[in-house]
Amino acid sequence: MMKTVLLTIASEKKNKMDEFLRQLRNDHRQFDQGKLEDHLGREPMKLFSQWLQDAVEKPVSEPNAMSISTLGADDFPQSRVVYLKELLEEGLVFYTNYNSDKGKALIAHPKAHALFFWPDLERQISVFGVVEKVPEQMSDDYFASRPRGSQLGAWASHQSDRLESRDELEERIEELIERFPEKVPRPPHWGGFLLRPVKIEFWQGRPSRLHDRIVFEKTNDSWTLYRKNP
Ligand SMILES: Cc1cc2nc3c(=O)[nH]c(=O)nc-3n(C[C@H](O)[C@H](O)[C@H](O)COP(=O)(O)O)c2cc1C
């Protein structure tokens, strides 16, 4: 696929593209943000929270954006970005539409992979986990804290379904403004998922591509830790 695209672009453009990719390859990052040992403890969720805080303080753009990959009924993995809204001792919470593609995939196959990448910190966190819906009250509380526009949007968007036109969506919003003149209740199909980690890998860039990779794996409710080759 990639090859076909490159072959069909005009040769002058192709040369520029080749040069651009070559520069990218030669842009050897120094990966000098410190050793992973500097931050290591025995509790991965504490380290997680420390790294998230570092990302917020750096500051990096969208520090709580993570990609969530699910396995669909068609056996294809699918990834998309969502916001991490709560980091609990038990795991990672994000909110979405339970009827969306990711919602359906997670309900049918409650395992997921989450990935954070903070380029400015040369860090990546990879999380394998088991997923469950958060308690209704937790979704209610979070929904109530959202701006009215987002609350109406959660009703209006039949997330992941085909949409014939933008007008259709906007008409739905107009109807909802009348239907909910004051408080907007949480739609029953909208709420949080908790990703309970079973394996977490912390990746810290290091010089000469000899990066640190430390994996925490949960067995019998306790974490064991090992290193992986970069
Ligand atoms: C930065 C960013 C943050 C996002 N946050 C969320 C989110 O918290 N919840 C959500 O449902 N979709 C979020 N989205 C949209 C999703 O990436 C995705 O398009 C949508 O959830 C539909 O995914 P699905 O069809 O695979 O279920 C976000 C997108 C971006 C780019």
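This is a predicted model: local features need pLDDT of at least 70, side-chain atom pairs count only at pLDDT 80 or more; totals for chains, interfaces and linings use all residues.
Me: Which residues of α4 are the buried ones?

Reply: A residue is buried if 20 or more other C-beta atoms lie within 10 Å of its own, exposed if 12 or fewer, and partly exposed in between, with C-beta atoms placed from the backbone. In α4 the buried residues are K102, G103, A105 and L106.

Me: And why do they line one face of the helix?

Reply: Look down the axis of α4 and take the directions from that axis to the C-beta atoms, which is how the arc is defined. The buried residues line one face because they fall within an arc of 165 degrees.

Me: Does α4 also turn up around the ligand, or rather, which elements give two or more residues to the shell there?

Reply: The shell has 15 residues, with R80, T96, S100, K102 and S160 the closest; a residue counts if its C-beta atom, placed from the backbone, lies within 6 Å of the molecule. β2 supplies the largest share, five residues. The elements giving two or more are β2 (77-83), β4 (92-97) and α4 (101-108).

Me: How do the shell residues divide into nonpolar, polar and charged?

Reply: Ala, Val, Leu, Ile, Met, Phe, Trp, Tyr, Cys and Pro count as nonpolar, Asp, Glu, Lys and Arg as charged, and the others, Gly among them, as polar. On that count the shell around the ligand has six nonpolar, five polar and four charged residues.

Me: What does A114 touch?

Reply: A114 is one of the core residues with the most contacts. Leaving out residues up to four places away in sequence, A114 touches M66, S67, I68, L92, V127 and L195.

Me: Which elements do the buried residues of α6 pack against?

Reply: Helix α6 (residues 148-156) buries Q151, L152 and A154. They fall within an arc of 150 degrees, so they line one face, while G149 and S150 on the other side are exposed. The buried ones pack against α5 (136-145), α7 (166-179) and β7.

Me: How many bridges join β8 to β9?

Reply: Strands pair if DSSP finds at least two bridges between them. β8 (residues 212-219) pairs with β7 in the antiparallel sense, and Q204 has D212 as its bridge partner. β8 and β9 also run antiparallel, with T219 opposite S222. The number of bridges joining β8 to β9 is six.

Me: Is N220 buried or exposed?

Reply: N220 sits in the loop between β8 and β9 and has a positive phi of about 45 degrees although it is not a glycine. With 5 other C-beta atoms within 10 Å, N220 is exposed.

Me: Where is the place of S208?

Reply: S208 also has a positive phi, about 55 degrees, without being a glycine. S208 counts as exposed because it has 9 C-beta neighbours inside 10 Å. Its place is the loop between β7 and β8.

Me: What is omega for the peptide bond from K58 to P59?

Reply: P59 is placed in the loop between α3 and β1. The bond from K58 to P59 is cis, with omega near -10 degrees.

Definitions and conventions: Residues are numbered from 1 along each chain as its sequence is written. Helices (H or I, at least four residues) and strands (E, at least two) are DSSP runs, numbered from the N terminus. A nonpolar core is a set of buried Ala, Val, Leu, Ile, Met, Phe, Trp, Tyr and Cys residues joined through C-beta atoms within 7 Å. Two residues are in contact if their C-beta atoms, placed from the backbone, lie within 7 Å.
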